Structure formats: structure tokens, C-alpha cells
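Here is a friendly walk through one model, for a reader who likes to check numbers against atoms. Have the viewer open and follow along.

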Amino acid sequence: MIRLPEPKAEVMARRAEIVAALRAIVPGEGVISETLRLKPYETDGLSAYRQPPLAVVLPTSTEQVAAVLRLCHAMGVRVVPRGAGTSLSGGALPLADAVVLGLMRMNRILEVDYDNRLAVVEAGVTNLGITNHVSADGFFYAPDPSSQLACMIGGNVGMNSGGAHCLKYGVTANNLLGLKVVTMAGEVIDIGGRHLDAAGYDWLGLLTGSEGMLAVVTEVTVRILRSAEGQRAMLAAFKGIEIAGQAVDAIIGSGIIPVALEFMDRPCIHACEAFAHAGYPLDAEAMLIIEVEGSEAEQDLLLGKLKEICNRFDPISLKVAQTAEESLAIWKGRKGAFGAVGRISPDYLCMDGTIPTGELPFVLKRIGEMSAEYGLQVANVFHAGDGNLHPLIMFDANNPESFHKAERFGAEILKLCVEVGGCLTGEHGVGVEKRDLMGVQFTAAELDQQRAIKAAFDPGWLLNPAKVFPLEGNPAVAPAALPRAA
Amino acid sequence: MSASFLAPDTEAGVAAAVAAAAAEGVPLGIEGRGSKRGLLRPVQAARGLTLRNLSGITLYKPQELIIAAWAGTPLPEIEAALAEHGQHLIAEPPDLAALFGSAGPASLGGIVATNLSGPRRITGGATRDHVMGIRAVNGRGEVFRSGGRVLKNVTGLDLCKLLTGAHGTLGVLTEITLKVLPAPSATGTIAVRVADLADGVRVLSAGLGSPFGVTGAALLPQGGVGLGGPLAILRLEELPESVAYRSVRLRDELARFGEVALIGDAESRALWRAVRDAEPLGATAEQAVWRVSVQPSAGPGVVAATGFGQALLDWGGGLVWLAGPATAAAHANVIAAATAAGGSFTLFRAPEPLRAAVEVLSPEPPALAEIGRRVKAVMDPRGVLNPGRMRAGL
């Protein structure tokens, strides 16, 4: 069970005063304090946890964000930044004494520059919104998390979001040029710019994936890329998980890096097929979706080579899309995987560990064994090329025991990921969900060093203070333990 | 110059050396194999710490696209191991031995500590983008890790990125894990004669904005490969069939800009190796060398504003190499040009007195500089790691 720090009594007592001061900065609908209207903000994509905040503020400019942060800084009020609230790790979970700083009204695309292949956007622009804005001109923004329809670029920066195509195009950190951020003290800082690899420390890299603990992102300069001439997918189904894993190894070993290489296990294939009727083979133990790019002839060449490789592993079925429509059909099930699992079990936890791809067969076998031990179903769908697992653990939220079991199961999977040389989270972030497991991956001294770096940005530990690090040793709980610089 | 050099051959030895330096308050001049000693500001340190003896590949899993090695490993050793499996370093780090007049090869640690990337940076990412994990020793002499040996990892603050490009001022890198990729089997180049540099950047932008996956886009003001300048060059790296197809498509698309030539595989590889190592810049031994990073369309303006005759533009026009007089006045020119273009500058190579006297890197806004001082104090409280290497007093 996730614990949150005790609310500060002195802040709770000054609630009306804080709300009034926020209203003076952001007029009209921009400040929410009524119990009922706070409801939508009490949770995020990790909906098992709920906590209404003190208030919500929805600024429309960097200046307003800076004024809000200056106010909260002066009054000692904690702040939880929020984009679309799609975090699967509870990154935007409020605290009772915190102001939720929502960036969704800062949703303007400020500039698109095709000559320099960049776009300047506000933090509340959705991930897909960027691509939609430039796609008519043949461009796209590469990272494509499953939530891309809703999730916002500011949140993507906070979590260093990935997606199905990062095997080729990289994650958020690899596709940024600059940020406009506001520190907890209310100082507006431009990081990077419109150029690559700005001189000095890589603040852009450090801030990306810092889960809203170092500064609040208000503007992002992203790289946009020209789309390939076309893309096409193929589907390869195998008799065993190990065999599919070997096929993945053989593909990577052949020197071909597909733009996407997705893996689904039997439970996931069945769930997706029932949902999307994509024509997935129901007798398969594992299935790969492989996508390549280029001209028609180049696609044929690559798909031919991939087919030849897959054929070495005695596939149950091998289907190469002949048209864009057939490609979409192959992707349809995968893209709807979370929804499909949701139909079988309305409640599931989506895990996100990464493992060395060579450990895939062992780890999937262990997850299967654990599933039997816990008596909870699990479906696996993940990015095979980079070893980023997404086991979906199904449980019954109306039964607290089932939920706790699912949490213990998930924690055991993540520990296994670390044991085999992997990590707790590949793209969803630590948030509150994996906070208390950080000691599995890091030593106490390593965590203290990371905490001290947070403190270098936010000495008062006011910005998203209950995330990422275990509460023990976290100054948000015990201010006396604030890590010192020297 | 350092009076004495420590050369530990274990990570524990590195940690002990730093711990002792911290205890005694003795600054350490840290280097990988010392091939880029002339980079940035000179370090005034009584003691040197070289990683040349901490060397060797510790893990290589071609199928997992991962290689790890001790920081002092010579880069050619890593490149050779990768080549055996048909793989390569994605960011194409340069060999600057000629530029710095150094004898030995660069180390992996040195390339990561300086975050140097070659032409492929424009589409493949920088060295920092491929550092998946580090082990390092902080200024207290404590070993710490960040990242790991997997390709996707957002667990905790990304200290891999913080230390990459930090020139050894926040920690001594001991082991580095990199993402690698299969090396393309064929390379081809499209060369376009252009009227001037601005026209050249337009050609590069057209190429980079095409769907053909250009992996190098540079501008040679004096020309090259037997062709006169200015010459815009664009690289394709794919399967041979793709290079053949895409070369023709790109050639046709770029013909409207000027005379176009196709350059074959072997000649292409040599050409891009030269660009990677800044050879076409033609910097003489007494000249200073700068690297300015701007948005590509601003590159030609930077060259014009400095008034230097010698330049080389890479990264679509956004990376401007400049060679000019090693004087404070020339440096001021570069600062003005880079600042006006909204970019950043690095005084890359200069005689020691000049490097010691001027700001060698773009200054940071005051609020960020203050955070930088605090982060430095966290990582290196006694200030013993390469003091003054990047900025005076830091």
C-alpha cells in the first residue's frame, strides 16, 4: 500500500487564503477548489490511488506558472504538476496539502519550422496533436506512447515517454532540442534551444524523465522528422515463447532493425483477437508484429528477409501485409491491447520493467509460474526489440485482497527484472507505484545522491515531493533528513 | 600540468585515488587516455588521474545491442570488437588525434565525458543518447551507478546524461554501457555544387526533409572529392539496394539546386571520416578552433559574422566548425556570432593562455548557473574533480 506524507497542518489551515491568492493570479475558471470539481484531479492513469488535492490551478501562460510557483514557494505549499493525467505510475497523484498545477490549458502550437525540422509547443499540447499538426506536410513527432491521443508533451518530458517505435526513433529525450521550465522558486529558465547539444551540462537530459521533481515544463522545442515513404507490418506466430524470443534475437542479429518489433503472448493474443477481430492465430503461444519502412520495393526486400528469418523458427503462421489496410489490421489488435484486456478484467495493473532481451524466455516462464502461484491472470504485450515488458496483471478492484495480491505480484516481477540485469521501469516512470522498490535497484548512497540533486533544484522539497524516492529518508516526510550539499 | 600521475587499474583504485584527493583537498586533473588535453580550459591540478590502465570490454551482447567497457578502453578496440559482429557506434565519435596533435587513441570514457558525436548525430543521436549505463566515482570517492545494461530505462534521475559531456567535473566515469546498432552494409553520397553556404543549407534541409533517411548532411565551403565548393554532401547508409534506389531519388530531387554527383561506397566512407574528424576545416597548428551549435539555417550567418575564411558545416548546417586567429578578439567575434544566432559556442582548441583567460563555453543564465554550482557541490563537495575545466571557479 502506498503511503503519502502527512499534510502540513499550517498549509491546510490557510487553504482559503491560498485559493484566493491563486485566483488573483489565474482568474475565472482557472482555479478549482470545490470538492466535486476536484474529483477529476484526484487520480491519474494509476486509478487505484486517489487523493483530492488542496486546489487545482490551470494557468494559461509561463508567467502565470511562475507566479503560482512563487506564491507556493513563499507559502511553503507543495505542488504536483500534471499534464493529461495519463501516468500509469501515479506521477500526477495529488497530496492533500498540494496544489495541482495543470498545464492542459497551455495547449498552443507556437511555431513549426520545417527548414530546421522543429516545433515549439506549449506543455499541454497532446503528443498526437504535434504529429497531426505536421502530418499533412509529411512530418511526424517520433515518440508514440500508447496514450498519445491524450497524453501531453509536458508529461512526456517529465516521464521520458517511449512508445512502439523507439527501437528506431528513440524516446522523448532523444527528440528534444529545448525546454522552457519554471523552478519551484518561480524562476523561468530556457534550457537548450533550437540547436543540438548545447554547451555545458546536459540539463535537458537531466530534466527529461525527472518526473516533475526538478522544475515545471511550460514549453518544449521538439524535433520533427520526415516520414518514410511508407511502412508495412507483418505478423509471425510461434509455438513457444522461447522460439519467438529466438526469432527476435535472429532478427536483430541479422542487421535489420525494424521500426517496431512487438511481442504478445497467448493470453494477450486471445484478448486482442476477441476485441479487435484482427485475424490473430489463436493456437500460437507467442506472436510478433514487425514493421518496416521505405518504398514499396524496399518494404518487399526487408519483409522478404524477415520472412526468411522467421521461417527458420517453424512459425505457425506468417502473414505479410500487402497493403496499408492489411498493416492497420495487424496493428489493430496490438493498439487495442490494453482495452482488450480491460474487457476480460476491468481492473489490471500494467507493469513496465525492462530486461536484457536474452532473458526473455526465463522471465516469461517465471511470470507464468508466479501467475499460477498468485492465482491472477497475466497477459504480456511488449516492445521485444528493447526488452521493455508490459505484463498486465488482472485483478478485481472490488476485492481488496485481490488488489494487494496484484501489487505484490507486480513488485515480484519488477524485482525479477532487476535481478536478471534489467530495471524497474522502461518508460512509465517510477511515480508512487514503484517508489518503494527503488532500493531494489539502487543503494542508499545512490538514492541519497539523487535526492541531493533534486534538492539542488528544489531545496525545500515542495515540487512533486512524494514521488520516485522511498518516503524513508525523504525530506518531504522528515525535513530534518534533507540531504546536504557538502 | 600535473606534477604526478596516478594510473589505477581497478575501479576501487580510482575510488581510493579520489577519496585521498578529497581528504587532502588536492585537485585532480582527470583524463581518459589524454588524447584531448587541449580541449576547453587547462586544469590547474597538482595531481593527475589517468584511466588508461582501467581498460577492456566487460560485456558485449550483439543480439541485445549492448556493449560495456572500462572507461580507459581505447576507442579503436571497441570499434574493432563491434566490427567483428557487423555493428558500430551510432554517434560516430570523431578521432581528433590530428586536431589535438596527440599520439594515442581516444578512450571510451573521454568520448563520453566530452559527448562528442560525428556526422550521424543529425539523425542517429549524440553519444549522450546511447549511454545506457554508467559506473562512476563521485568527488567523495564513492562508486555509484546510473542506468543499466538495457535499452530503455527511466528508473530514477538520469545521471548518465548529467555526467555525459560534464568533462569529468561531476564524477570520474569508470565503466560505460552503450547502445550499438548494426553497421549499414552500404554507404553512398550525393554531392551538390551550390552558389553559397545559404544555398548549401537549403540543399541539406531538402535532403533531411526528404523521406530517404539521410544520415549525414555537411557543407564543405572549399569543396572536396575533386569537386569545387561550396559543396553540399548528403549521406545514405542502408542495404545496397536501398542506397542505390535512394541515391537516384535524392539526386533527382536535388538537381534543381545545382550540379549533382553521386559518390560511391569507398570514397563516401573516406569522405565522411574526414568530415567526422574536421579535416576539411584545414586548421593550422597555430590557429584556434571553435565549434558553434545553432539551428541549421543560422549556420551560414555565423560563418559570415566571424569573417573567418575557414569553416566546415555539419549536422545540416547547425554544427559550425571555425578556424581563426588564436586571439581574444577573434574569440569575442565567435561569441557575438553564436549569441546573435541563438546558439552556443565552444572554444575547442587554443593555446593555453587564451583558454585560461576566456570563457570557453557559452555562459548559462544566472538561475541555471546557481543550480549548476549546487549540483557540483553535491557531486564534488571538495571541488577536486577537474576544477576549472569547463568554467573558471567550477
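## Strands that pair

Two strands count as a pair if DSSP finds at least two bridges between them. With that in hand, turn to chain A of this predicted model. Strand β5 (residues 109–113) and strand β6 (residues 118–122) of chain A pair in the antiparallel sense, over four bridges.

The hairpin of β5(A) and β6(A) has four residues between the strands. Within that hairpin, A:Arg117 takes a positive phi near 55 degrees.

## The five-stranded sheet of chain A

Where do these strands belong? They are part of an open sheet of five strands, in the order β5-β6-β10-β8-β9 (chain A), with antiparallel pairing. At the edges stand β5 and β9 of chain A; each has a single partner strand, so one side of each is left without a neighbour in the sheet. From one strand to the next, the twist averages 10 degrees.

Helix α5 (residues 127–134) of chain A packs on this sheet and touches β5, β6 and β10 (216–223) of chain A. The direction of α5(A) makes about 45 degrees with that of β5(A).

β2(B) pairs with strand β3 (residues 47–50) of chain B in the parallel sense, over four bridges. As a landmark, B:Ile30 stands opposite B:Leu49 in β3(B).

## Where the chains meet

The size of an interface is often given as the accessible area lost when the parts come together. Between chain A and chain B the buried area is about 6,500 Å², and carbon and sulfur atoms give 58% of this. The contact takes 91 residues from chain A and 78 residues from chain B.

How many salt bridges does the rule find across the interface of chain A and chain B? There are seven. A salt bridge between the side chains of A:Glu427 and B:Lys152 has an N to O distance of 2.7 Å. Polar contacts across the interface of chain A and chain B come to 29 residue pairs, with both residues at pLDDT 80 or more. Several elements of chain A each supply at least two residues of the side that touches chain B, among them β9 (188–192), α9 (241–253) and α11 (296–311). The largest share, eight residues, comes from α17(A). By class, this side of chain A has 38 nonpolar, 32 polar and 21 charged residues.

## Backbone details to check

Two further spots may interest anyone preparing the model. In chain B, the peptide bond from B:Gly229 to B:Pro230 is cis, with omega near -5 degrees. B:Pro230 is found in the loop between β11 (216–220) and β12 (231–238) of chain B.

In chain A, A:Asn464 has a positive phi of about 40 degrees although it is not a glycine. A:Asn464 lies in the segment after α17 of chain A.

How values were computed: Residues numbered from 1 in each chain as written. Chains lettered and ligands numbered in written order. Predicted model: local features only at pLDDT ≥ 70, side-chain atom pairs only at ≥ 80, totals over all residues. Heavy atoms only, no water. Contact = heavy atoms within 4.5 Å. Buried area = accessible area lost by both parts, 1.4 Å probe. Salt bridge = Lys/Arg side-chain N within 4 Å of Asp/Glu carboxyl O. Polar contact = N/O pair within 3.5 Å; in protein donor to acceptor, adjacent residues only side chain to side chain. Nonpolar A, V, L, I, M, F, W, Y, C, P; charged D, E, K, R; others polar. Axes fitted to C-alpha atoms, helices over the stretch in contact; angles between N-to-C directions.
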